[in-house]
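User: Could you walk me through reading strand pairing and nonpolar cores in a model like this one?

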Amino acid sequence: MGSDGEGATGSGFTFRGDFYSLSGAEVRSDRLGPVMDRDVPIMDTTTDVREVLGINPDIAVAARLTDVGGTAAEGGAAWLLMSPDPDVAADPWSYPDVADALNPG
């Protein structure tokens with residue numbers, strides 16, 4: 001993985017020793033939990049990482065990102081789902097417990 005937040009599985013960041021891939025799915029505001037870490041490096045910037053209420057952080061977390069094309073953060077900011085599981089990151093709506101925490105895609 002390079003220092004710019006890019007890894008073999010795409011855009012993301014290293015958190016707690018694991019690479020979390022960007023899913024592009026927006027986490028519902030009522031499911032955003034407490035901040036777990038601040039200023040985590042990702043894509044030439046930094047972000048805060050928050051717990052997603054009802055989801056184990058080993059499965060997914062939320063990161064506030066801006067201007068990420070093809071996501072809810074395109075042209076603005078959004079709390080996007082990040083996961084160390086590439087399958088969850090690729091299609092979080094296929095996982096009912098995760099999908100319940102997301103805005104419709």
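User: How many bridges pair E6 and E7, and in which sense?

Analyst: Keep in mind that this is a predicted model. For strand pairing, look at the bridges and the direction: E6 and E7 pair over 6 bridges, in the antiparallel sense.

User: Now the inside. Which residues touch the most other members of the largest nonpolar core?

Analyst: The general idea: in soluble globular proteins, nonpolar side chains tend to be buried together. Here, the largest core has 15 residues, and Phe13, Val61, Leu65 and Met82 touch the most other members. Strands E2 (10-15), E3 (18-26), E4 (32-42), E6 (61-66) and E7 (77-83) each supply at least two residues of this core. Apart from it there's another core, of 13 residues, including Ala62 and Trp79.

User: What is Val61 in contact with, leaving aside its neighbours within four places in sequence?

Analyst: Among its partners are Phe13, Tyr20, Met36, Val49, Arg50 and Met82.

User: How do I place all that in the whole chain, say, which pattern does the protein follow along the sequence?

Analyst: Count elements, then read their order: there are 2 helices and 7 strands, in the pattern β-β-β-β-β-β-β-α-α. Of the 105 residues, 40% are buried. As for contacts between residues at least 6 apart in sequence, 44% join residues at least 24 apart.

Key:
Residues are numbered from 1 along each chain as its sequence is written. This is a predicted model: local features need pLDDT of at least 70, side-chain atom pairs count only at pLDDT 80 or more; totals for chains, interfaces and linings use all residues. Side-chain values use heavy atoms; hydrogens and water are left out. Helices (H or I, at least four residues) and strands (E, at least two) are DSSP runs, numbered from the N terminus. Buried means under 20% relative accessible area, exposed over 50%, partly exposed in between (1.4 Å probe, protein chains only). Contact means heavy atoms within 4.5 Å. A nonpolar core is a set of buried Ala, Val, Leu, Ile, Met, Phe, Trp, Tyr and Cys residues joined through side-chain atoms within 4.5 Å. Two strands pair if DSSP finds at least two bridges between them.
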